[in-house]
2 protein chains.
Amino acid sequence: MDGLMMDRQLLLSRLLWRAERVFADRAVITGAPTGDERFTYARLGDRVRRLVTALREVGIGPGDRVLSLAWNSRRHLEAYFAVPCMGAVLHTGNHRLSPEQLAYTINHAGDRAVLVAPDLLGLLESVRDRLHTVEAVLVLGEVPAGCGWENVYAYDDLVGRSVPARELPEFPETTAAALCYTSGTTGDPKGVLYSHRSTVLHALALCAAGSAAIGPDERILLATPMSHVNAWGVPYAAALAGATLILPGTHPRPEDLLRLIQDHGASTAVAAVTVGTMMRRAWEAAGGVPDLTALQRLWLGGSAPSAAEIEWWARTVDVRVVNGWGMTETSPMATFSSAATRPDELLDPGVLDVQARQGRPLPLVEMRIVAADGTELPWDGQSSGELEVTAPWVASAYLDRPDPDSHRDGRLRTGDVAVFHPDGTMQVKDRTKDLVKSGGEWISSVELENALLGHPDVEDAVVVAVPDPTWVERPVACVVAAGNVTGDDLRFHLAERFPRFWVPDTVLFVDTIPRTSVGKLDKKRVRAELGITDDTAPVTS
Amino acid sequence: MDGLMMDRQLLLSRLLWRAERVFADRAVITGAPTGDERFTYARLGDRVRRLVTALREVGIGPGDRVLSLAWNSRRHLEAYFAVPCMGAVLHTGNHRLSPEQLAYTINHAGDRAVLVAPDLLGLLESVRDRLHTVEAVLVLGEVPAGCGWENVYAYDDLVGRSVPARELPEFPETTAAALCYTSGTTGDPKGVLYSHRSTVLHALALCAAGSAAIGPDERILLATPMSHVNAWGVPYAAALAGATLILPGTHPRPEDLLRLIQDHGASTAVAAVTVGTMMRRAWEAAGGVPDLTALQRLWLGGSAPSAAEIEWWARTVDVRVVNGWGMTETSPMATFSSAATRPDELLDPGVLDVQARQGRPLPLVEMRIVAADGTELPWDGQSSGELEVTAPWVASAYLDRPDPDSHRDGRLRTGDVAVFHPDGTMQVKDRTKDLVKSGGEWISSVELENALLGHPDVEDAVVVAVPDPTWVERPVACVVAAGNVTGDDLRFHLAERFPRFWVPDTVLFVDTIPRTSVGKLDKKRVRAELGITDDTAPVTS
């Protein structure tokens with residue numbers, strides 16, 4: 001027996017309606033060296049509806065893929081709504097990929113049109129000969145003379161002369177809305193195809209008071225790239241909530257981000273852990289300016305922020321660091337730490353310890369941890385196992401690429417090793433493939449890295465496994481020093497915190513630690529630089 | 001082209017999972033004169049799973065309707081989850097209906113089993129001969145000797161000896177979950193059939209930071225009856241959010257509610273406007289006890305709280321009154337006022353004025369106001385028209401009762417007259433059928449009532465239209481006085497605030513004003529008592 005409720009589909013056009021009608025005068029601000037641009041949601045709605053018409057005019061229709069190669073800007077936000085709302089699919093391209101990977105993803109997606117920032121046009125041109133499907137290029141600015149594409153348009157001209165689409169089409173909520181590629185360090189990137197339903201539900205879950213609590217009074221500096229997993233879903237959640245969005249524009253430096261927080265009174269900033277660290281250093285280097293009084297929350301993601309980082313923000317500038325867990329395959333947010341903890345409470349080590357965890361499963365997300373044989377493990381704060389997840393916004397498969405190992409009994413196998421505490425909070429311990437197996441025991445490289453980052457003289461750190469004739473594997477630490485420190489100092493620092501067999505025999509001092517295009521530790525390259533081939537690295541899961 | 005996301009259905013069992021697993025140690029408290037009962041969500045989950053088995057044993061299966069006649073209690077909450085989670089439909093019966101209406105709704109629903117509180121068994125017995133479908137009766141307490149039903153069970157015995165259902169069934173999210181009847185003052189009650197999808201989305205929208213903002217740190221005294229429109233969806237939202245629920249138990253008096261707020265540190269209380277007024281009076285009569293320090297929010301619904309009421313709570317006990325708009329057909333919440341306004345800010349008349357409105361459309365709710373000819377009106381704070389609404393949790397039809405006038409172009413016609421302000425907030429002006437048409441102009445009875453309630457010597461007030469040979473209709477006020485006041489005093493009070501033709505020619509002083517079973521002004525009875533038949537009352541919409 002079915003309920004008698006309206007068959008109202010969960011479409012991104014519902015979010016747009018709320019932004020442009022209910023929060024018509026709220027702002028989207030885009031940073032620029034020549035003066036920041038302020039745009040209302042009402043104007044954004046008008047532009048989105050014009051872009052729908054413009055895309056139709058250049059031949060884009062339902063189901064077509066449209067690539068964006070762009071910074072965090074109001075124009076990119078227009079594409080975030082217009083492309084899915086017309087029934088097409090927005091493929092947010094990552095300009096930090098190698099040209100080979102970029103060409104691969106464009107061809108794999110079959111992108112028919114590209115929205116490209118002027119300064120990224122060169123990158124697109126560099127792979128032009130390899131592209132098979134691109135028919136139209138819209139430049140988000142001036143079209144340079146001698147631009148060699150056949151169908152090239154100046155975005156503002158095209159959008160400006162188009163008539164706003166008054167009615168946006170209705171279609172099933174399962175329709176594809178956006179496409180992101182994983183930034184995996186092995187093999188070709190894999191495509192994750194989000195639906196309207198998954199994106200709307202994810203946005204709504206981010207607005208929940210117990211998760212990211214995005215509401216209409218929030219002013220959000222979005223420093224995480226819109227080219228990376230839909231900027232963690234924040235643009236959609238902000239529009240749904242009526243929050244003010246502050247987009248940093250072209251190639252922002254840490255000091256630009258700090259300036260935007262001050263000038264526009266950002267209450268929340270959203271950034272990768274590494275960017276958070278850069279902002280902290282820039283603020284310290286500038287002698288404690290600009291003014292960060294308005295800032296209440298710093299949402300750090302991409303990897304787990306260290307307790308030392310969380311404590312610094314609480315103690316020095318009265319900011320609570322929040323974080324969560326997710327991956328491209330989970331839209332990305334699947335857990336979130338409490339936004340309610342006050343910064344002064346974080347100076348209590350017990351509270352800090354809980355806040356440094358990855359938080360609780362979001363509403364509608366179900367999780368479990370399992371042993372290697374697939375049996376479920378208890379939430380006792382002790383048992384660690386591979387994290388498995390289900391939710392309406394978790395991938396069921398990759399685009400045109402079967403992967404028989406990605407799921408088990410309908411649940412996504414995340415490859416992350418986690419512990420659940422009895423209070424429902426989850427703590428990521430490691431990637432299964434980054435665990436170090438030594439003498440029959442597991443060593444968590446992530447915990448060693450976090451402890452090293454907690455040392456005042458350590459700027460960056462990574463721990464990888466190296467083959468060992470006696471112990472199968474042993475951990476090796478690579479450290480970027482920030483002061484006068486020796487390997488033995490750091491080994492002693494770790495020996496105070498972990499079992500003796502966890503302490504790396506070797507600490508290598510390096511100038512820099514390789515990271516992936518989205519700022520994660522690139523352990524594959526670290527191992528390669530240490531002369532460890534993937535063949536010699538044993539499978540640990 | 002479909003997205004590649006998990007086809008995870010929006011079922012109430014997802015909410016139960018989150019409550020029992022992620023918030024296992026959070027409490028459900030039920031008030032009782034013999035000592036309040038504290039129950040964890042983990043135990044609640046176990047009981048729900050036992051009740052699923054128990055219901056199956058008494059012959060209930062998917063699609064069957066199960067009636068509850070019960071107070072706000074932990075056992076009623078068990079039914080809120082177990083009945084829908086097994087695929088059956090919970091019909092929450094209203095024990096304040098007349099026996100005729102109660103029998104009508106039970107037969108119309110085809111209820112096969114009844115969960116009944118011991119003190120409401122007599123009501124059920126009184127209509128027994130008229131019931132055609134009831135096969136099993138579960139008494140939520142002792143079964144009285146001589147209870148004449150054939151299949152009668154002591155609920156706790158039955159549930160206690162049943163094995164918990166470890167796996168709850170999966171089925172389409174469009175499946176019916178709950179059934180409520182409208183409390184309309186004309187004609188037979190009409191059945192609204194909610195689905196799992198509508199109930200889950202409604203709960204998630206209530207958790208949004210910009211709406212009711214129900215989160216895990218909230219401690220909610222739920223004084224609005226669970227027998228009335230799913231207690232405004234709060235039980236489901238609380239379980240989803242991990243909020244502590246405080247249920248007042250059997251027949252609570254205003255002083256019981258105040259005691260529960262104090263004893264359990266309720267941060268939010270949820271009640272009908274009339275109950276809020278009774279709580280205020282009980283608190284004043286007791287000389288300002290008990291201690292309401294923990295209380296931060298009072299959510300008043302059922303009708304619009306007056307500015308005077310909102311101001312009292314802010315000024316006297318530092319509590320912000322929040323409110324929204326909805327009806328049985330909208331699950332019920334469709335708008336909600338900001339929860340972020342601080343009580344001290346409410347002492348500013350401009351802020352108070354905004355807070356007394358019904359707030360903004362919830363996420364996924366779309367609204368418009370239309371003139372009598374159906375043309376859309378602007379959101380200018382001036383134009384008033386009939387409110388039309390769409391959302392995934394709005395009724396598409398009534399159960400087994402076609403009503404060709406209920407919808408227009410797929411939108412629910414609410415029968416309420418409203419204004420939208422440019423900031424996206426909505427203000428209900430009147431029911432279309434309660435507007436007074438005088439000399440070709442409209443007079444809002446609701447605005448007159450609110451102004452009368454703002455007078456210190458008025459305890460209750462209602463305004464209705466009476467036929468007038470000159471002006472077609474004229475407003476008449478019926479007032480329950482709280483002090484020494486004359487009709488001319490009140491007419492002068494109104495004349496200061498409204499156009500002269502709005503001021504009622506007649507003010508009648510009465511002992512009490514009739515209300516419906518759910519506490520709304522019963523204007524039909526008022527008109528009858530004034531000798532105005534429905535035939536003579538002109539159609540005003």
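Pro290(B) sits in the loop between H10 and E13 of chain B, helices (H or I, at least four residues) and strands (E, at least two) being DSSP runs numbered from the N terminus. The bond between Val289(B) and Pro290(B) is a cis peptide, with omega at about -5 degrees. Chain A has a cis peptide bond too, joining Val289(A) and Pro290(A), with omega of about 0 degrees; there, Pro290(A) belongs to the loop between helix H10 (273–285) and strand E13 (297–301) of chain A.

This is a predicted model, in which local features need pLDDT of at least 70 and side-chain atom pairs count only at pLDDT 80 or more, while totals for chains, interfaces and linings use all residues. Residues are numbered from 1 along each chain as its sequence is written, and chains are lettered from A and ligands numbered from 1 in the order in which they are written.

Back on chain B, helix H10 covers residues 273–285. Buried here means 20 or more other C-beta atoms within 10 Å of the residue's own, exposed means 12 or fewer, and partly exposed is in between, with C-beta atoms placed from the backbone. Just after H10(B), Gly287(B) takes a positive phi of about 75 degrees.

Two residues other than glycine also have positive phi. Val229(B), at about 45 degrees, lies in the loop between strand E10 (219–222) and H8 of chain B, and counts as buried because it has 29 C-beta neighbours inside 10 Å. Asp409(A), with phi near 50 degrees, is in the loop between strand E20 (407–408) and strand E21 (411–420) of chain A; it has 9 C-beta neighbours inside 10 Å and so counts as exposed.

As for sheets, chain B has an open one of three strands in the order E15-E16-E17, with antiparallel pairing. Strand E15 (324–326) and E17 of chain B stand at the edges with a single partner strand each, so one side of each lacks a neighbour in the sheet. Two bridges pair strand E16 (residues 333–336) of chain B with E17(B), where pairing requires that DSSP finds at least two bridges between the strands. Thr335(B) stands opposite Pro361(B) in E17(B).

In chain A, strand E18 (residues 366–370) runs antiparallel to strand E19 (residues 384–390), joined by five bridges. Arg368(A) has Glu388(A) as its bridge partner in E19(A). Met367(A) and Ile369(A) make up the covered face of E18(A), while Glu366(A), Arg368(A) and Val370(A) make up the uncovered one. In a regular strand, side chains alternate between the two faces of the sheet.

Finally, the contact between the chains takes 52 residues from chain B and 53 residues from chain A, two residues being in contact if their C-beta atoms, placed from the backbone, lie within 7 Å. On the side of chain B that touches chain A, H1(B) gives the most, with five residues.

Terms used. The expected span of a helix is 1.5 Å times one less than its number of residues.
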